[in-house]
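Welcome, and please open your viewer beside this page. We will go from stop to stop, selecting residues as we go.

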Amino acid sequence: MCGFVGFADSRPDVDQVAIIKDMMDMIVHRGPDSGGIYSDEEVTLGFRRLKIIDMSEEASQPIYNEDKSCVLVFNGEIYNYQELREELIQCGHTFVSHTDSEVIIHAYEEYGTSLLQKLRGMFAFAIWDTNTETMFLARDFFGIKPLYYTQNTTDNSFLFSSEIKAFLKQPAFRKELNKDALKPYLTFQYSVLDETFFKGVYKLKPGHYMLYKQGKLEVKPYWDVNFAEEPNSLSHYVNQIKSTVKETVAYHQISDVPVGSFLSGGIDSSYITALLKPNKTFSVGFEDYEGNFNETNLAEDLSEILNIENYKRLVSADECFKMLPTIQYHMDEPQSNPSSVPLYFLAELASKHVTVVLSGEGADEIFGGYDWYDTTPAMKKYKKLPFAIRRPLSLLSGKLSKNRITSFVVKGGQRVEERFIGQAHVFEEADALAVLKDEYKQGPSVQSITKTVYDQVRGKDDITKMQYLDLKLWLPGDILLKADKMSLAHSIELRVPFLDKMVMDLASKLPTDLRVHPSNTKYALRTAAKEVLPDEWANRPKVGFPVPIRHWLRQEKYYKLVKDMFLSDRAKLFFHTDELMKYLDSHYSGKQNYARYIWTVYVFLIWHKTFFEQA
């Protein structure tokens, strides 16, 4: 796990090496062990290394092919590198190290851009080919590893990096706020557009690669999820899941440094832990809260059953508010998923003991684990009415005052494309428009963002449509982003075994009722997990990583803290602050629960202060 930076076609009269060093310093947390630089008349590359596989200097990057006509910087892990290495040796390639990084550069020589079809892992990389004078950049299938790029520069140079903050040290970079990003963020809670909160800075999409040559960019897809059910028995798929997940966990534990695992009370991390059987597990909860806000006792109990040492930490509200600016700094863009906060402290705890941790991200999206994918018994009964009846009732109810009954009728007469935007839905779009100043109301609508994704799965069932949307938006934009940024804030590598293309290939064949079954979500996966987990853990309902922000914001201390921010001159640039205070006061008094509205705005303001006033 590492980080890289680079630029091409920069002004020739500046010190390229000095600039790249400054950029590298901004991401030193991603690779504190060593650094390396490549520079010629056209391209400059910088790399920060976190040593995981092959601790020798020969494995340091940038890394080259035999005649040094191609140079690579790479972030991630290629889990099938040993097999690929043998294949490439048979083709005549010569290796100088035993690192997975070197496999990529030789595979590029042998297969060109088609090498992407051969990789199994998480990755973002850039290869500079001096023969063709072309930069080849790629990002992994699911978007586990980030990759940003921009041409919003004073000299038309091309910049790319593992983190946006590195661009701030490139003198040619134009730091501007993307005003169109704020409106959708208020609803989604994360940066959902391809263009980031920094104008002209883009995320390379998961499953895509890019070719850059002489100032021109060409972006192409190379992989996509393809849900295509293959009917078969539950026992058939349970056996397939057991063998495939066991294999992927074995791949993901390859390391030359200590490996542990994150562990909550849920099935996903528990299943991974039971298969991995690491020496140490790590858990975090919140002081003064039990149950949903503190599952550390469950994690401790399972660790004891599996004979594993468990380390846990309870975090206070004071610690969370204190570290929020640091957390948003590492995020690069505003991200108001409350679970980012405990994840930061969890990674900090783990970093004291191991360099690599395995975690359970991705299982819900690929195996159908979220409650939203299921339908309540009441809604199932209601949907027995013809849609032609439910539709006009929905439209009528939408014009009435909002309550539990009208909301139910509205939802019951909507298509999934109208009602589901992903696992996070904070501001209603009308409420977002009401709090924003006019110049920030022009961003794309929620429906226009989701439509481009839903269009790719026309004709599929509703559960598949929701899973596909989450795989395309929620997973890379929220879940994987915070996993990468929070772990590397503490210089540890987080691996996600469920997000393996072979596991995805299997999951995509599951019949819908083996994903979301009348008795439970993630039905086939839960059944498979019972081989190594007690039933109590395999069947435990989805909880997530809940944070007691609604309780904190009803305490005077934190109410005043947020109030000062909401009434600041900074807030007045973006929002009608009287509307913000209505939400804050209503929540503080206990009349309504507006915690997510408040937190999402507060996080944005913290982020803006961090990057546009203090950077």
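Which residues of α25 meet which residues of α26? Select Leu580, Tyr583, Leu584 and His587 in α25, then Ala595, Tyr597, Ile598 and Val601 in α26, and you have both sides of the meeting. Contact here means heavy atoms within 4.5 Å.

Before going on, a word on what is on your screen. This is a predicted model, in which local features need pLDDT of at least 70 and side-chain atom pairs count only at pLDDT 80 or more, while totals for chains, interfaces and linings use all residues. Residues are numbered from 1 along each chain as its sequence is written, and side-chain values use heavy atoms, with hydrogens and water left out. Helices (H or I, at least four residues) and strands (E, at least two) are DSSP runs, numbered from the N terminus.

**Stop 1: α25 and α26**

Stay with this pair and show residues 577-588 for α25 and 595-612 for α26. Their axes come within 9 Å and cross at roughly 130°, which makes α25 oblique to α26. Axes are lines fitted to C-alpha atoms, for helices over the stretch in contact, and angles run from 0 to 180 degrees between N-to-C directions. Angles under 35 degrees count as roughly parallel, over 145 as roughly antiparallel, 65 to 115 as roughly perpendicular and the rest as oblique. α25 passes α26 in a left-handed crossing (the near helix is turned anticlockwise from the far one by less than a right angle).

Now colour the contact by class. The residues where α25 touches α26 comprise 7 nonpolar, 1 polar and no charged. In this scheme Ala, Val, Leu, Ile, Met, Phe, Trp, Tyr, Cys and Pro count as nonpolar, Asp, Glu, Lys and Arg as charged, and the others, Gly among them, as polar.

**Stop 2: α8 and α23**

Next, select α8 (317-331) and α23 (residues 556-566). The axes of α8 and α23 come within 11 Å, crossing at roughly 15°, so α8 is roughly parallel to α23. This crossing, too, is left-handed. On the α8 side, pick Ala317, Asp318 and Phe321; on the α23 side, pick Lys557, Tyr558, Leu561 and Val562. By class, the contact of α8 with α23 holds 5 nonpolar, no polar and 2 charged residues.

Zoom in on Asp318 and Lys557, which form a salt bridge with the closest N and O atoms 2.7 Å apart. A salt bridge is a side-chain nitrogen of Lys or Arg within 4 Å of a carboxyl oxygen of Asp or Glu. Asp318 lies in helix α8 and Lys557 in helix α23, so the pair ties together parts that are 239 residues apart in sequence. Asp318 is partly exposed, at 40% relative accessible area. Buried means under 20% relative accessible area, exposed over 50%, and partly exposed in between (1.4 Å probe, protein chains only).

**Stop 3: a salt-bridge network**

How many salt bridges does a search of the whole structure find? The search finds 38. For a linked group of them, select Arg30, Lys145, Glu163, Lys165, Asp332, Asp484 and Lys485, which are joined in a network of salt bridges.

Start at Asp332, which counts as buried at 0% relative accessibility. The side chains of Lys165 and Asp332 meet in a salt bridge of 2.8 Å, N to O. Lys165 sits in the loop between β9 (158-161) and α4 (182-188), and Asp332 in the loop between α8 and α9 (340-351), 167 residues apart. Lys165 is buried as well.

Then turn to Lys485, whose salt bridge with Asp332 has its closest N and O atoms 3.2 Å apart. Lys485 belongs to helix α17 (residues 462-488) and is 153 residues from Asp332. At 1% relative accessibility, Lys485 counts as buried.

**Stop 4: Thr450**

Select Thr450 in helix α16 (residues 446-454). Is Thr450 buried or exposed? Thr450 counts as buried, at 1% relative accessibility. Leaving aside residues up to four places away in sequence, Thr450 touches Phe188, Glu417, Ile421, Leu469 and Leu473.

**Stop 5: backbone details**

Find Pro62 in the loop between β3 (43-49) and β4 (63-64). The peptide bond from Gln61 to Pro62 is cis, with omega near 0°.

Finish with Lys277, in the loop between α6 (267-276) and β14 (280-286). Lys277 has a positive phi of about 50° although it is not a glycine, and it counts as exposed at 52% relative accessibility. Lys522 likewise has a positive phi, near 50°, but Lys522 is buried, with a relative accessible area of 1%.
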